Amino acid sequence: MWGLNAKKSEFSTNNEAKAPAVCLDNIAKTYPGKVGVHALQGVSVSFASGTFTAIMGPSGSGKSTLLHCAAGLDQPSSGQVKYGDIDISRLREPKLTKVRRERVGFVFQSFNLIESLNVWQNVLLPGRLAGRRADKKWAREVLERVGLKGKENARPGELSGGQQQRVALARALAAKPEVLFADEPTGALDLRTGIEVLRLIRDAVDKLGQTVIMVTHDASAAAWADQVLFLADGELIGMMQSPTAQQISERMMELNTR
Ligand SMILES: Nc1ncnc2c1ncn2[C@@H]1O[C@H](COP(=O)(O)OP(=O)(O)OP(=O)(O)O)[C@@H](O)[C@H]1O
């Protein structure tokens, strides 16, 4: 069953057939300073393997912080982040990097492409770093589907922002990570390319069984997900399963006027 557990802010995207790929248990994140910022508090959620989850919420509600903590790029101040049996919030380098390389892909707003490598080399890099044999056929298909066929030899600096974002997505998907974290992956794209990118993410979930966790401000992008989680003031305050863009927009309007 999908749904909200009894404890406040404790959500599960599990159904009976699917084990969790990522579990956050009572995560809090406080940024130090004169007045400490409580970016996340009491967040418990598990993301079922082979599902697509969108995370939405007003600006400053903690979406990126949640994504960074879940991806092992930032450490929560308290609480656990588990990938299967591994508690990554307790791992130190180089073990943490190893787990990330083997299991996780990222598409962030800053694309982090390597300028000295061309598009093709950038796309194959994560698999190489993880010591996996490249599936070049899949990498070619991914590049074609994000509309970058013919750009394999270009350097990132020769591409537009939207094209660079698509290289970052192709790079993440080509490595077939178990879990893909995406922060606004369609933010810089025109409508048509954005839809193709979402279709590709959907296929990665439905055909390859990947787990995708995506932060977005766009209700129509979120409507491609299996479920949408809503954050406000650092707390998870709701979940919708298979909502329409209209339903998501209405919920966001409520949150923005809280
Ligand atoms: N490195 C940091 N140092 C101090 N405060 C931070 C830091 N990063 C984020 N914050 C604060 O934590 C809170 C949550 O930020 P976060 O970026 O996670 O929100 P968000 O929902 O992703 O916002 P947006 O939609 O605007 O990108 C905000 O109040 C933000 O100012």
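Tutor: A nonpolar core here is a set of buried Ala, Val, Leu, Ile, Met, Phe, Trp, Tyr and Cys residues joined through C-beta atoms within 7 Å. A residue is buried if 20 or more other C-beta atoms lie within 10 Å of its own, exposed if 12 or fewer, and partly exposed in between, with C-beta atoms placed from the backbone. This is a predicted model, in which local features need pLDDT of at least 70, side-chain atom pairs count only at pLDDT 80 or more, and totals for chains, interfaces and linings use all residues. Residues are numbered from 1 along each chain as its sequence is written.

The largest nonpolar core has 68 residues, and those touching the most other members are Ile55, Ala70, Ala170, Phe181, Val212, Ile213 and Ala222. Helix α5 (residues 161-174) supplies the largest share of this core, 7 residues. Helices (H or I, at least four residues) and strands (E, at least two) are DSSP runs, numbered from the N terminus. In soluble globular proteins, nonpolar side chains tend to be buried together.

Contact means that the C-beta atoms of two residues, placed from the backbone, lie within 7 Å. Leaving aside neighbours within four places in sequence, Ala170 is in contact with Val123, Val142, Leu143, Val146 and Leu148. Ala174 also lies in α5, and it counts as buried because it has 25 C-beta neighbours inside 10 Å.

Next, the pairing of α3 with α5. Two packed helices are described by the angle between their axes and the distance between the axes. The axes of α3 (residues 119-129) and α5 come within 7 Å and cross at roughly 35 degrees; axes are lines fitted to C-alpha atoms, for helices over the stretch in contact, and angles run from 0 to 180 degrees between N-to-C directions. The crossing of α3 and α5 is right-handed, a term for the near helix being turned clockwise from the far one by less than a right angle, anticlockwise being left-handed. On the α3 side the contact is made by Val119, Asn122, Val123, Leu124, Leu125, Pro126 and Gly127, and on the α5 side by Val167, Ala170, Arg171 and Ala174. By class this contact has 8 nonpolar, 2 polar and 1 charged residues, where Ala, Val, Leu, Ile, Met, Phe, Trp, Tyr, Cys and Pro count as nonpolar, Asp, Glu, Lys and Arg as charged, and the others, Gly among them, as polar.

Helix α4 (residues 136-145) has Ala139, Val142 and Leu143 as its buried residues. They lie on the same side of α4 because they cover an arc of only 100 degrees around the axis, the arc being that of the directions from the helix axis to the C-beta atoms. These buried residues pack against α3, α5 and α6 (191-208). The face of α4 turned away from the buried side carries exposed Lys137 and Glu144. Gly147 follows α4 and has a positive phi, near 80 degrees.
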